[in-house]
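Student: Could you take me through one part of this structure up close? I'd like to see how a single residue sits in its surroundings.

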Amino acid sequence: MTQVPDKEEEMIERTGSRIVPTFVIKDKRLPGFIKRPEIFIGFEVNKDKIVKLLNVQ
């Protein structure tokens, strides 16, 4: 963020801070089957994966 001041200013305007969002996506399976959740830090870097997992267009 510090390398791109415009993006930093935009994030501060939208969220009120420089906090980067984190997405944790859990796969619902039958009880007893453990699968590690997928953790994505930052939206822009992981946008394609997040959109695909959420089935959002």
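Tutor: The chain has a mean pLDDT of 76, with 81% of its residues at 70 or more; pLDDT is the predictor's confidence in each residue, from 0 to 100. So this is a predicted model, where local features need pLDDT of at least 70, side-chain atom pairs count only at pLDDT 80 or more, and totals for chains, interfaces and linings use all residues. Residues are numbered from 1 along each chain as its sequence is written, and side-chain values use heavy atoms, leaving out hydrogens and water.

First, the layout. The chain has two helices and two strands, and from the N terminus on they run α-β-β-α. (Helices are DSSP runs of H or I with at least four residues, strands are runs of E with at least two, and both are numbered from the N terminus.) Among these elements, strand β2 (residues 38-41) has the highest mean pLDDT, 85, while helix α1 (residues 5-15) has the lowest, 75.

Now let's zoom in on N46, which is found in helix α2 (residues 43-54). N46 counts as buried because its relative accessibility is 13%; buried means under 20% relative accessible area, exposed over 50%, and partly exposed in between, using a 1.4 Å probe and protein chains only. Buried residues make up 12% of the 57 residues in the chain.

What does N46 touch? Leaving aside residues up to four places away in sequence, N46 touches F40 and I41, where contact means heavy atoms within 4.5 Å. Look at I41 too: its backbone oxygen lies 3.2 Å from a polar atom of the N46 side chain.

K26 is exposed because its relative accessible area is 67%.

How values were computed:
A polar contact is a pair of N or O atoms within 3.5 Å; within protein, one must be able to donate a hydrogen and the other to accept it, and residues adjacent in sequence count only if both atoms are side-chain atoms.
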